[in-house]
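My notebook is open, and here is what I looked up, entry by entry. Follow along with the structure beside you.

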Amino acid sequence: MPKRILVVDDDEMVLMALNELLKPEGYEVDAVGSGAEALEHLEKHTYNLLMLDIIMPEMNGFELCRKIRQKEALQETPIVFLTAKSREEDREEGIEAGANLFLSKPISPDKLLEIVSDTIG
């Protein structure tokens with residue numbers, strides 16, 4: 001059974017690029033553009049990995065991450081921030097919100113695939 005990844009980013013180009021990168025590697029990818037959409041998907045589906053952007057309208061990635069971690073069924077699901085933010089205080093806030101990893105864009109596709117593979121196999 002393929003590993004499922006939920007990608008949350010308000011940038012359509014980022015969603016398309018991650019989809020194009022991950023699907024050929026055998027991952028099943030759901031790509032959504034907002035925190036609200038992500039929470040809807042998490043009610044209906046189980047994921048092996050969540051990839052979140054931080055800068056999004058309505059609900060930023062930190063808020064989304066905290067909401068996800070409040071759900072008992074999702075407390076062990078790996079969460080990776082993939083964001084343009086790169087300051088140390090952003091990284092600290094991301095980890096405090098419950099993320100397992102904090103990656104700054106841009107990141108090489110090979111490096112990202114390696115991290116995804118290491119995280120969920």
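**Entry 1: helix H4**

I began with helix H4, whose buried residues pack against helix H3 (61-69), strand E4 (79-83) and strand E5 (101-104). I took contact to mean heavy atoms within 4.5 Å. Helices (H or I, at least four residues) and strands (E, at least two) are DSSP runs, numbered from the N terminus.

A note on the source: this is a predicted model, so I kept local features to pLDDT of at least 70 and side-chain atom pairs to pLDDT 80 or more, while totals for chains, interfaces and linings use all residues. Residues are numbered from 1 along each chain as its sequence is written, and side-chain values use heavy atoms, with hydrogens and water left out.

Which residues of H4 are buried? I found Asp90, Gly94 and Ala97 in this helix, which spans residues 88-97. Down the axis of H4 they fall within an arc of 65 degrees, so they line one face of the helix. That arc is taken from the directions from the helix axis to the C-beta atoms. For burial I used under 20% relative accessible area, with exposed over 50% and partly exposed in between (1.4 Å probe, protein chains only).

Just after H4, I noted that Gly98 takes a positive phi of about 125 degrees.

**Entry 2: the cores**

Next I looked for nonpolar cores, meaning sets of buried Ala, Val, Leu, Ile, Met, Phe, Trp, Tyr and Cys residues joined through side-chain atoms within 4.5 Å. The largest has 22 residues, and Leu52, Leu64 and Ile68 have the most contacts inside it. Strand E1 (4-8), helix H2 (35-44), strand E3 (49-52), H3 and E4 each give two or more residues to this core. H3 gives the most, with 4 residues.

I then listed the neighbours of Leu52, leaving out residues up to four places away in sequence; among them are Val8, Leu64, Cys65, Ile68 and Phe81. A second, separate core has 19 residues, including Ile5, Leu22, Met51 and Leu113.

**Entry 3: salt bridges**

How many salt bridges does a search of the whole structure find? I got 11, counting a side-chain nitrogen of Lys or Arg within 4 Å of a carboxyl oxygen of Asp or Glu.

Asp30 pairs with Arg4, the closest N and O atoms being 2.8 Å apart. This pair links strand E2 (residues 28-32) to strand E1, across 26 residues. Buried or exposed? I found both Asp30 and Arg4 buried.

Lys71 pairs with Glu43 at 3.1 Å between the closest N and O atoms. Lys71 is in the loop between H3 and E4 and Glu43 in helix H2, so the pair ties together parts 28 residues apart in sequence. Lys71 is partly exposed at 30% relative accessible area, and Glu43 is exposed at 58%.

For Lys105 and Asp53, the closest N and O atoms are 3.9 Å apart. Lys105 sits in the loop between E5 and helix H5 (109-120) and Asp53 in the loop between E3 and H3, 52 residues apart. Lys105 is partly exposed at 26%, whereas Asp53 is buried at 5%.

I also noted a salt-bridge network that links Lys85, Arg87, Glu89 and Asp90.

**Entry 4: Gly35**

My last stop was Gly35 in helix H2, buried with a relative accessible area of 1%. Gly35 touches Val8, Met56, Met59 and Leu64, not counting residues up to four places away in sequence. Gly35 and Cys65 are 30 residues apart in sequence and 9.0 Å apart in space, C-alpha to C-alpha.
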